[in-house]
Amino acid sequence: METQDLIRLKNKFDIVGNDAALNRALETAVAVAPTDLTVLVIGESGVGKENIPKIIHQNSLRRTGKYFAVNCGAIPEGTIESELFGHEKGSFTGAIADRKGYFEEADGGTLFLDEIGELPLPYQAKLLRVLQSGEFTRVGSSKVSKTDVRVIAATNVDLRHAVAQGKFRQDLYYRLNAIQINMPALRDMKDDIVLLFRKFSSDYAEKYGMRKISLDRGAIDLLRHYRWPGNIRQLRNIAETVQVLESGRGSSSERVEIDAATLAYYIPKDEENALPVMAQRQGSRMGEDDRQEIFKALYSLSAEVRDLRRRVDELSGGKASKPALPAASAQDSFVSRPQEDWDKEDVDIQEYEQHREDTEENSAQNEDKTLSVRDNYEDLIRKALEKHHGNRKKAADELGISERTLYRKMPAEFRKDGKQ
C-alpha cells in the first residue's frame, strides 16, 4: 500500500500513529476488504479494534449496504438469540410483534460482532450455522431464513485458551479466524504515544476553548514508559483531564507547559497488577517477605501458647511438663535471626514441624487434666478481671497478653454484648 494512500486512510478514519504493526493491520484490512472472508480482530481492550471493521466495510463491495456493530458482551443472555436472529410475535413474553434480528437487517452488508468471546456456548452453534450456510431461524418460528452477511469479529481474550477450557467452540474459532488482524497495544507503540496525547489534548483545547498544553522532556519520558493498561482509551481520558484542569480558560495563545511532576498526578501508579498476567505455576516459591512474615507469626503464636500453658499450670497447682520460654525470648530467637537464615526454607519448615509435634505430644500428655486449657484460660482471665474490678487493661497487663486478646478470650459474663 502506497504511503500516501495509507495517510489518506488514517485521516479518513481519524487514526494517529506510524507504528509498523499498526500500519500492517491497516494494510491487511484494506487487502481483504474486497473479499467475503470472515475476519477476526484481536487486541487488548482500548486499542481501537472497532476501526478495522469500518475500514473493511468502506473498502468492500458491500459499502452501499448496512453496517451494524453488536457488542456480544453487552446483550443480556436471555435476549441474545432474539437480537441476532429475530423473533416471531408471541414467541415469548413481551414479543408483541415480529422483529428482525441483526443478521436479517444486515443482509447484503457487514455485521461486526465485538467481544465474540463473551457469546455463550448455546448460541455459538447457531452462529456457526449462519456463517457456514447463511441460514437461521427466528425465535418462535420453524421457517428457515437466508441472509448474505459479511461477518467481522473482535475479541480481547485468547480464544485458543477459551477453546482449551471448553468455553468456545473449536469449529467456530477456525471459521471466524479465516483472516486474523492484530492490533498492537499502546505500550508497544512508544513513538506514537506522544503524538496521540498531543492530538487528543489539542482536540479538547479546541472543543472547550482553552489554551493548548505542551509537554516538557520529563513528561514525555513519563508517557513513553507508562504501561497504559487501558491503551488508547485510557490515554484519551487522561489527555482530556490534563487539558481541562491544567490549561485554564482564556484567549491567550501562549501554551501551558506540563512537567513530569504535574503529569504524574494524573497517571495511576504503574503496578504489576495493572495488566493481566499469567498465573503463577503451582509449586512456585513464595516471596521472601511473605515467608518471613509467616514464620514470624507461627513462632510468635507458639510462644504465646507455651506461655499460656505455663500460667495455666501454675494456676492449677501443677508443674509444666516442659519449662516454657518467656514470650519475648521465643520470638526473639526467630524474629531477630539474620536475613540469610530466612533463606533456609527447608530448615525452617523442619523446625516448625518438630515444634508442632512436640506441642501435640504435650497436649496428649495433658488430656487427663481436670480442666481443659480453654477452661483454665477463662478461669485465669476471670480471676484477673475480678481482682482488678473489671479493668481490662490492668487484667491484660498482669496476664501478659494484649487487651484485644483478653477481650476475645474472656468469659461471656464480662462482655457487655454477651457474645462468646
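## Basis and strand E6

A residue is called buried at under 20% relative accessible area, exposed at over 50%, and partly exposed in between (1.4 Å probe, protein chains only). The model is predicted, so local features need pLDDT of at least 70 and side-chain atom pairs count only at pLDDT 80 or more, while totals for chains, interfaces and linings use all residues. Residues are numbered from 1 along each chain as its sequence is written, and side-chain values use heavy atoms, with hydrogens and water left out.

Helices (H or I, at least four residues) and strands (E, at least two) are DSSP runs numbered from the N terminus. In strand E6 (residues 150-155), 6 of the 6 residues are buried, so the strand is largely enclosed by the rest of the structure. Arg150, Ile152 and Ala154 point one way from E6, whereas Val151, Ala153 and Thr155 point the other way. In a regular strand the side chains alternate between the two faces of the sheet.

## The sheet

E6 belongs to an open sheet of 5 strands with parallel pairing, in the order E2-E3-E6-E1-E7; two strands pair if DSSP finds at least two bridges between them. Strand E2 (67-71) and strand E7 (179-182) are at the edges with a single partner strand each, so one side of each is left without a neighbour in the sheet. From one strand to the next the twist averages 20 degrees.

Strand E1 (residues 39-42) runs parallel to E6 and is joined to it by 4 bridges. Strand E3 (residues 110-114) is also parallel to E6, with 4 bridges. Ile152 in E6 is the bridge partner of Val39 and of Phe112, and Arg150 in E6 stands opposite Thr110.

## Helices H9 and H10

The axes of helix H9 (residues 190-208) and helix H10 (residues 217-225) come within 9 Å and cross at roughly 120 degrees. Axes are lines fitted to C-alpha atoms, for helices over the stretch in contact, and angles run from 0 to 180 degrees between N-to-C directions. The contact (heavy atoms within 4.5 Å) is made by Lys190, Asp191, Ile193, Val194, Phe197 and Arg198 of H9 and by Ile220, Leu223, Arg224 and His225 of H10.

Within H10, Ala219, Ile220 and Leu223 are buried. Viewed down the axis of H10, the buried residues fall within an arc of 100 degrees, so they line one face of the helix; the arc is that of the directions from the helix axis to the C-beta atoms. Exposed residues Arg217 and His225 lie on the face of H10 turned away from its buried side. H9 and helix H11 (231-247) are among the elements that cover the buried residues of H10.
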